[in-house]
Every structure is written in structure tokens, then in C-alpha cells.
Amino acid sequence: MNVITTPADLRLCAQEAHAKGQTIALVPTMGYFHAGHEDLIRHGRSIADLLIVSLFVNPTQFGPAEDLDRYPRDHERDSQIAKNLGCDVLFMPDPPDMYPKDFATWVEVPSMSKLLCGAARPIHFRGVCTVLTKLFNLSAADFAVFGEKDWQQQAIVKRMVKDLNIPINIQTRPTVRESDGLALSSRNVYLSKEERLQAPNIYAGLKWAQNLVSQGERNVEIIRSGLLNRWASQIPLGRLDYLTVVDPASLTPISTIEGPAVMACAIRLGTTRLIDNIMLNA
Ligand code: AMP
């Protein structure tokens, strides 16, 4: 596995691969790998000749009061995992190489980045879109692989790629979970023992809502208030950030379920903000 740290070297590597007629898959990550990342990496490995995994804790997607400094990191372990999974190139740039002092350009999808997670994290998706545009350009990847756990992120990335005619195919993978249903997240390590015990009730509640819909309930407010009641007793340590039902592609809020819909939530448990989502099909 080739470890690359500069944008110029990544560009060169991608140019050489394309010159040889190879296809390229990119798996963008912030590291501290878990089985969710591993699934994306395995998928990336299976769809292209050259697999690039990027590992970059992107400072521009963190707000001033967020966890950029304490975000968990273990580059050595991550490198070993990437190598074992057949990654060809691990791209680990330093922030000043991605954002030099005179950096002045931002990419944003305003209509999709202010709701759901964007309400509490107003600059988050601007940072995500900007760094991904840079990674897509530098890697010249034919494919990029994202997790459905971050539903809003993959929807925004698909919109951005379409709107800006970026020649890349965005692929998504289902959320990988612990055996008790908790969605894997690098941030789960922040949870106290008590918080960890309550956390699986997030997904259990989403499945309960999905079941209500399959039994015929279509009114989002009824489903929502039922779920909030459940969570109030089952996740007493939780503080709701949002629980919203949206159109899977446009992220427009939905009040009556008539077709495909995604129920997405963010809940704070102590200092940890957990997100999850589920598809509700009428
Ligand atoms: P992160 O390192 O948290 O920025 O995540 C990198 C990629 O892994 C993103 O595309 C996430 O959606 C994806 N991801 C994170 N958690 C999971 C999970 N539990 N299952 C599947 N993909 C995930």
C-alpha cells in the first residue's frame, strides 16, 4: 500500500492509473475505522482497479464548539486495516496542504444543507462538499463510496455531483450496526456505560416507526409523537436534536407518507451526538 500525503502526489498517482486504463474508486473517511468503514473499503475494492482510501479529519466541517481536537484518531491501526483490506493508496494529507492560507472557495448545496443536521451544524455540509470536491478532483475517481448512515451527506453529495457535472459515480452502502442495533460510529467511544446501554433504543424506535407505517399509518405527526414518547422513557439521558421524515433524494420534509420516505434523527447522549435513519415505505 502506497501512503500519499500531498495533493500533488495523489493527482500524479491518479493520472498514472488512468493512463494505464485503470478505473479508480475512492472511499473518503475521517479514520478511526470500524466495520462500517471496512464495508465501504471492501466494496471500493470490488468495483475498481485502483482503490484510494482518504483519511482526513476535515477541519472545515467542524463548528467552533465541536469535537475537532478530540475526534478519535489511530492512524497506525487504520493503515493496517486499509492495507489488509487491499487498499492501494492511503491518502493522509495535512490540513495546511488541503487548506493553504489563501484558500477562499466554498462549495455548498444551501437548500439541502440547512435542515436536519445542518440546523445544529450550519457550516458542516459546506465543509463536507468543499473537501469532497477537492478529493474528487485530486483522485479523479470513477467511483466514490458512502455510507447510508449519513443519509443527508450522501443525498447532498449526489445532488452536488449532478449539479456540477462531476464525472464520478456515487455508490452507497447500508448502515453497519452493532448486534444490539446501534449504528457503528467513530464517536461511539465517547459514550459512557449508561449512555451506551440506552443508545440501541434509537434504532429500536426507528424500527417501531417503520412497523407502524407497514401497518398502514401515514400521518407523520402521529408516528413522530409516538416515537418521541417511547424515547422519553427508553432514552432518559437523551436530548432530541431532530426527528424528521424527508424525501430520500431532495430531503424535503414530508407530513403524509405516500411513497419513499426517510425518517432521520439526531440525539445527544451526554456530549455525544448520534445520528441514525430508516427508510419508511408506504
Ligand atoms: P466518517 O469517517 O465518519 O466521516 O465516515 C466515512 C464514511 O463511512 C461515510 O461515508 C459514512 O457514511 C460511512 N459510515 C460511517 N458509519 C457507518 C456505518 N455504521 N455503516 C456504514 N457506513 C458508515
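**Strands S5 and S6.** I started with S5 (residues 143–147) and S6 (residues 169–173), which pair in the parallel sense over five bridges. I'm working on a predicted model here. How does the chain get from S5 to S6? I followed it through helix H8 (residues 151–163), and this β-α-β crossover is right-handed.

**The whole sheet.** Next I looked up the strand order: it's an open sheet of six strands, S1-S4-S3-S2-S5-S6, with parallel pairing. S1 (2–4) and S6 stand at the edges with a single partner strand each, so one side of each is left without a neighbour in the sheet. On average, neighbouring strands are turned by 25 degrees against each other, direction ignored.

**S3 and S4.** Then I checked S3 (residues 50–55) against S4 (residues 89–91): parallel again, over three bridges. Here Ile-52 stands opposite Val-89. I also found H7 packing on the sheet, where it touches S2 (24–29), S3, S4, S5 and S6. The direction of H7 makes about 150 degrees with that of S2.

**The cores.** Which residues have the most contacts inside the largest nonpolar core? I got Leu-132 and Phe-136, in a core of 47 residues. Helix H7 (residues 124–139) gives the largest share, eight residues. Domain 1 (2–173) and domain 2 (186–276) both contribute, so this core lies between them. I looked up Phe-136 too: leaving out residues up to four places away in sequence, its contacts include Leu-26, Phe-146, Met-160 and Ile-170. Apart from that core I found another, of 24 residues, including Trp-231 and Leu-274.

Technical notes:
Residues are numbered from 1 along each chain as its sequence is written. This is a predicted model: local features need pLDDT of at least 70, side-chain atom pairs count only at pLDDT 80 or more; totals for chains, interfaces and linings use all residues. Side-chain values use heavy atoms; hydrogens and water are left out. Two strands pair if DSSP finds at least two bridges between them. Helices (H or I, at least four residues) and strands (E, at least two) are DSSP runs, numbered from the N terminus. A crossover is right-handed if, with the strands pointing away from the viewer, the path from the first strand over the helix to the second runs clockwise. A nonpolar core is a set of buried Ala, Val, Leu, Ile, Met, Phe, Trp, Tyr and Cys residues joined through side-chain atoms within 4.5 Å. Buried means under 20% relative accessible area, exposed over 50%, partly exposed in between (1.4 Å probe, protein chains only). Domain bounds come from an automatic or database domain assignment. Contact means heavy atoms within 4.5 Å. Axes are lines fitted to C-alpha atoms, for helices over the stretch in contact, and angles run from 0 to 180 degrees between N-to-C directions.
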